[in-house]
Amino acid sequence: MQYAQSNAELFLSASDSTPMYQQIVDQITAKVRAGDWLPGQPLPSIRELAAASRVSVITVKRAYTELGQAGVIVTRHGMGSFVAESPELSIQLLQAEFRQHLDAMLGSARRLGLSAREIRQRVDERLAGPPSESTEDSTP
Amino acid sequence: MSTAFSLAGVTRRYENFALQNIDLSMPEGQVMGLVGVNGAGKTTLLRILSGLALADSGTVEVLGRAMPAEQVAVKQELGFATEDMRLFKTRTLRWHMDFVRAIYPDWDEAYAAHLLRRFNLRAEQKLAGFSHGQRVKALLLLNFARRPRLLLLDEPTTGLDPVARDEVLEALADVLRDEARSVVFSSHNTRDIEQMADTISFLHDGRLLASRDKEDFLDDWRRLVCQGAWTPEPADWPEVAAVRRNGSIVELKLRRFSEELLQRLRGQGLEIRSAEPMSLEEIFVTTVRAGGAA
Amino acid sequence: MNALRLNLPMIRLLVAKDWQLFQTQLAACVLGGIVALCLIGLATGWSFYLGSLLMIIVLVCAACFSISSSLLAERKEHTLAFVMSLPVTPLDYYLAKLAGNLITFLVPYLLLLGGTIAVILLTPLPDGLLPLSLVVFGHIVLAYALSLSVAMAVESEGWNVFAMIGSMLLVNPLIMAMGQLPVISENVKTDNIVFGPVLASVLIVQLLASIAIVVISGWMHCRKKSFY
């Protein structure tokens, strides 16, 4: 019976505004992307991760479910969860990342009160040229 | 899957307070957090589960056995610690550890030694000399070291300094490893419940307002900051728990969030500036202020 | 109360705990009792009076210490919740308390009773003192049983102190009343040990009443609905 830290621990913060399960999803995704955890490698059991990271089992379950839906991990009934072996995994992760940023950008635009047309305008402007050229800056 | 405990129609009356008609149960291997103001009935509930108090009516079953009929067998596998529990002042912690060890065959001396170090307690010290925090930790140590199947903890981190609280949460997290072990704990530190609980049970005025999966429960609540002239009438909008207005800005606290609700609110002319999840503490205060409807 | 499955190992442990916690008071009582016996044995007027007064005080203390240190202290210092969280039923707890109390009281009591009988019979003191002394000792037991049952039933410290001291002080009028009986007044200064029917029935009533009080209060206690 070991009491030392197992390498199943994730670094979660209760004061972070991101929900706990999301932090788990993000950290595991980052680890997979970075190669900490290789394709086919077994994930820590839900309980082990929960105990080591000091969160409820249900939160880890939810995170694993979301990771499974995103294709980052694969859960085999009765055998546990493994990092997905899919060769398109990195592309899927990047797609998910893009979707996240897009949602965040749209949220930010909403808070600014931009209309859909204004949003598209801004996007086109950015695609057209580097950031130092802003429309407010009228020096030729 | 077996149940850790099951209460059906449990009622207990005191002179100024009554726990009414509680239907609550929990499967094994989970952590339940009890939330409620002082006097809501959390301690009474825990005392009924532990056999320290008898229900006036209803059935109580703990670890598959009827209480209080089989309380001896249940208490063999039960850990119980409350805020106002005291140990014997004139005796040392070591004496208590030996006393408990003589009673429970599952006592793990190695783990007890580990906890002594982690909790920074001196076994040879008399309990009279312990500070509040040390006393709480000593009581928890005596419970944790025998690895009971069900732990009932009343305010395990209340009144502890941040370091002690961290140590207790670590010991509590260790219980999670075993899928046959369960915990029920009440706490004013809603952050502890938010972090560690699988299920949140909300007690108010002796009644069980809600007992739900933590993630679902937290997902249901949102704090909206909107702009617009219209204010929802709580009677017509049961999903809205609280409304605050300052000029053109209105803050809504929603107890049943959904995209469809957002659309309806927008339909009334409100512009939704932000929708943020709420902490359990905010949800708790909002619910109590809203008159106890969760 | 149907379950007659008593948790004997636990009861033994709880009694041992109470015994351990009682040691210093026990020593003080026995010491005081020995001093009292010496004073009584001297058989002079003042030493007899002083000695018997001291003896009664020591017996009362033995009774009160055993009740207060285990029962009342446990309630006041909230250790009751800890004990009830152990694998015991309320009946186990009651029996352990009863056994612990009886042992911590009866040990000094019986020692002093034996010592008193020995001192009366073996010294120049008139043996006729024996029946009266036995009635006094019998009253102490009755007062003890009463105080014990009050302590089990009532949490208020005030009532407990009243019960203990009040019942013990009744020994004074008892001695005076007994002194009026011809069987006592005629024989107390002689070496005749005479009991007579009145005295015998007093002793029997004291014994039976003590037992009855303890049993009834125990039965009522176990039907209590919560512990704290």
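Colleague: Which residues have the most contacts inside the largest nonpolar core?

Modeller: A nonpolar core is a set of buried Ala, Val, Leu, Ile, Met, Phe, Trp, Tyr and Cys residues joined through C-beta atoms within 7 Å. A residue counts as buried if 20 or more other C-beta atoms lie within 10 Å of its own, as exposed if 12 or fewer do, and as partly exposed in between, with C-beta atoms placed from the backbone. Here the largest nonpolar core has 93 residues, and those with the most contacts inside it are B:Leu45, B:Val62, B:Leu139, B:Leu140, B:Leu141, B:Leu150 and B:Leu152. Helix α5 (residues 132–144) of chain B gives the most to this core, with seven residues. Another core, of 43 residues, lies apart from it and includes C:Ala63, C:Ile140, C:Val141 and C:Leu142.

Colleague: On what conventions does this reading rest?

Modeller: This is a predicted model, in which local features need pLDDT of at least 70 and side-chain atom pairs count only at pLDDT 80 or more, while totals for chains, interfaces and linings use all residues. Residues are numbered from 1 along each chain as its sequence is written, and chains are lettered from A and ligands numbered from 1 in the order in which they are written.

Colleague: Against which elements do the buried residues of α5(B) pack?

Modeller: Helices (H or I, at least four residues) and strands (E, at least two) are DSSP runs, numbered from the N terminus. Two residues are in contact if their C-beta atoms, placed from the backbone, lie within 7 Å. The buried residues of α5(B) pack against β6 (78–81), α3 (93–103), α4 (109–119), β7 (150–154) and α6 of chain B. The helix is mostly covered, ten of its 13 residues being buried. B:Leu141, for one, touches B:Ala112, B:Leu115, B:Leu116, B:Phe119 and B:Leu121, when residues up to four places away in sequence are not counted.

Colleague: How many degrees is the kink in α4(C), and at which residue does it lie?

Modeller: The bend at a residue is the angle between axes fitted to the seven residues ending there and the seven starting there. In α4(C) a kink of about 30 degrees lies at C:Leu106, shortly before the proline C:Pro108. As for length, the expected span of a helix is 1.5 Å times one less than its number of residues. The 33 residues of α4 (residues 90–122) of chain C should thus span 48 Å, and the end C-alpha atoms are 46 Å apart, which agrees.

Colleague: What does the radius of gyration say of chain C?

Modeller: The radius of gyration is taken over C-alpha atoms, and the globule rule is 2.2 Å times the number of residues to the power 0.38. Chain C has nine helices and zero strands. Its radius of gyration is 19 Å, close to the 17 Å that the rule gives for 228 residues, so chain C is as compact as a globular protein of that length. Buried residues make up 39% of chain C. In chain B, which has ten helices and 14 strands, 44% of the 294 residues count as buried.

Colleague: Which chains share the most contacts?

Modeller: Of the two pairs of chains in contact, chains B and C share the most contacts. In that pair, 19 residues of chain C are in contact with 19 residues of chain B. Residue classes describe such a surface: Ala, Val, Leu, Ile, Met, Phe, Trp, Tyr, Cys and Pro count as nonpolar, Asp, Glu, Lys and Arg as charged, and the others, Gly among them, as polar. The side of chain C that touches chain B divides into eleven nonpolar, six polar and two charged residues.

The contact between chains B and A takes 20 residues from chain B and 16 residues from chain A. By class, the side of chain B that touches chain A has seven nonpolar, three polar and ten charged residues. No contact joins chain A and chain C, whose closest C-alpha atoms lie 26 Å apart.

Colleague: Which peptide bond is cis, and where is a positive phi found?

Modeller: Most residues other than glycine have a negative phi, and most peptide bonds are trans. The peptide bond from B:Met67 to B:Pro68 is cis, with omega near 0 degrees. B:Pro68 is found in the loop between β5 (65–67) and α2 (71–76) of chain B. Phi of B:Glu155 is near 55 degrees, a positive value, and B:Glu155 lies in the loop between β7 and α6 of chain B. B:Glu155 is buried, with 22 other C-beta atoms within 10 Å.
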